[in-house]
Amino acid sequence: MKGMRSVGILATGSYTPEKVLSNFDLEKMVDTSDEWIVTRTGIRERRISEPNQASSDLALEAAKKALAKANISAEQLDMIIVGTVTPDTMFPSTACILQEKLGAKKAAALDVSAACTGFLYAIATGSQFIANGLYRYVLVVGVETLSKITNYKDRNTCVLFGDGAGAAVLGPVKDGFGFQAFELGADGSGGALLSQPAGGSRIPASSESIANDLHYISMAGGEVFKFAVRVMNSATEAVLDKSGLTKEDIDLLVPHQANKRIIDSAVQRFGLSEDKVAINLHRYGNMSSASIPVALDEAIQEGRVKEGDNIVLVGFGGGLTWGASLLKWSTEEAEGGNK
């Protein structure tokens, strides 16, 4: 990014619904057990949105927190990018709905659909507008209400997913800090391994598609697991290499919160101690595009992130997609702001 502005995260915010769905609750709904779920996934409970809560409602709460911490008004935002596979509507975009709720009248707005990698795709996109000087402040939100598309009769998927939102305000930071590297990838040949088959133009909504449960999440768990272990490691190695760093330089790894065994594989691969990994999936399950920003926000709130830390954000998702970023942490905004 030679000759371009350094871009970082000025502040974060997160929101999860109040309703908790525990493993013991699921035992009453489907043929499973707390022991089975914890042993295979590490998940103990997840948050569930209310029937009248849409993704934009969760995104609004996370966004307001991030803006307040950044001391930036909604009117100062130049762009809003929302990563989600559970939009309020197919159109308008959830980003446009969020723009109206925030009162961010001058902000461009768009959604990014990259499943669990959505937040990483979104920050990679938003940071470019700031780096090249076109915009100054970009709000990025990863949000999901996966409970709306989860089949609670399918024990292989219903134990995994939860709802939540995480937000980040991107802006110019002092030279040498902020995003050092991105690695994004996709393999469309694996798209069918993790999908929502119906609801688009291929299989429009019909009584038949509803009867056949085609509007719920469909996942080939074993294949996705193997893919995840491989790309979590390779994407992390790629951003380390692009940044001229080694695994010993990682101060905090913030992985997508899908499965404890996948995270453990990365931890072992990079020789990280427990204090250098952000893990919260035991409380929230897999929140798709919200997982990484919520985990990052909680790590910041816990005092685990300090000036100059090398933070790796890494994830994978449907598409199939994957992504990673290396961020040299600083919330000190570069001069020339319009606060």
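## Starting at His 256

Let's begin with His 256, which sits in the loop between β11 (252–255) and α8 (260–269). Helices and strands here are DSSP runs, numbered from the N terminus (H or I, at least four residues, for helices; E, at least two, for strands). This is a predicted model, so local features need pLDDT of at least 70 and side-chain atom pairs count only at pLDDT 80 or more, while totals for chains, interfaces and linings use all residues. Residues are numbered from 1 along each chain as its sequence is written, and side-chain values use heavy atoms, with hydrogens and water left out.

Is His 256 buried or exposed? With a relative accessibility of 1%, His 256 counts as buried; the cut-offs are under 20% relative accessible area for buried, over 50% for exposed and partly exposed in between (1.4 Å probe, protein chains only). Skip the neighbours within four places in sequence, and His 256 is in contact (heavy atoms within 4.5 Å) with residues including Cys 116, Asn 286, Ser 288 and Phe 316.

## The annotated active site

An unreviewed UniProt entry has an "active site" annotation covering Cys 116, His 256 and Asn 286. These residues span 171 residues in sequence, but no two of their C-alpha atoms are more than 8.6 Å apart, so they gather at one spot. A word of caution: UniProt positions are given in the numbering used here, feature names are shortened, and annotations may be inferred rather than shown by experiment.

Now for Asn 286, found in the loop between α9 (281–284) and α10 (291–301). Asn 286 counts as buried too, at 7% relative accessibility. Leaving aside neighbours within four places in sequence, Asn 286 is in contact with Cys 116 and His 256, and among its other partners are Ile 43, Leu 160 and Ala 258.

## Ile 43, a partner of Asn 286

Ile 43 belongs to the loop between α2 (34–41) and β3 (45–48). Ile 43 is buried, at a relative accessible area of 0%. Not counting residues up to four places away in sequence, Ile 43 touches Asn 23, Val 159, Leu 281 and Asn 286, to name some of the list.

## A look at helix α4

Helix α4 covers residues 94–102, and Thr 94, Ala 95, Ile 97, Leu 98, Gln 99 and Leu 102 are its buried residues. The cover over them includes α3 (55–70), β4 (79–83), β5 (108–112) and β6 (138–145).

## The whole chain

Zoom out, and you get ten helices and 13 strands. Along its principal axes, the C-alpha trace spans about 55 × 45 × 35 Å. A compact globule of 339 residues would have a radius of gyration near 20 Å, and the chain agrees with its 19 Å; this value is taken over C-alpha atoms, and the globule rule is 2.2 Å times the number of residues to the power 0.38. Buried residues make up 55% of the chain. Of the contacts with a separation of 6 or more, 78% come from residues 24 or more positions apart.

The unreviewed UniProt entry also marks residues 240–329 as "domain: Beta-ketoacyl-[acyl-carrier-protein] synthase III C-terminal". Over that stretch the chain is 32% helix and 22% strand, and the end C-alpha atoms are 15 Å apart.
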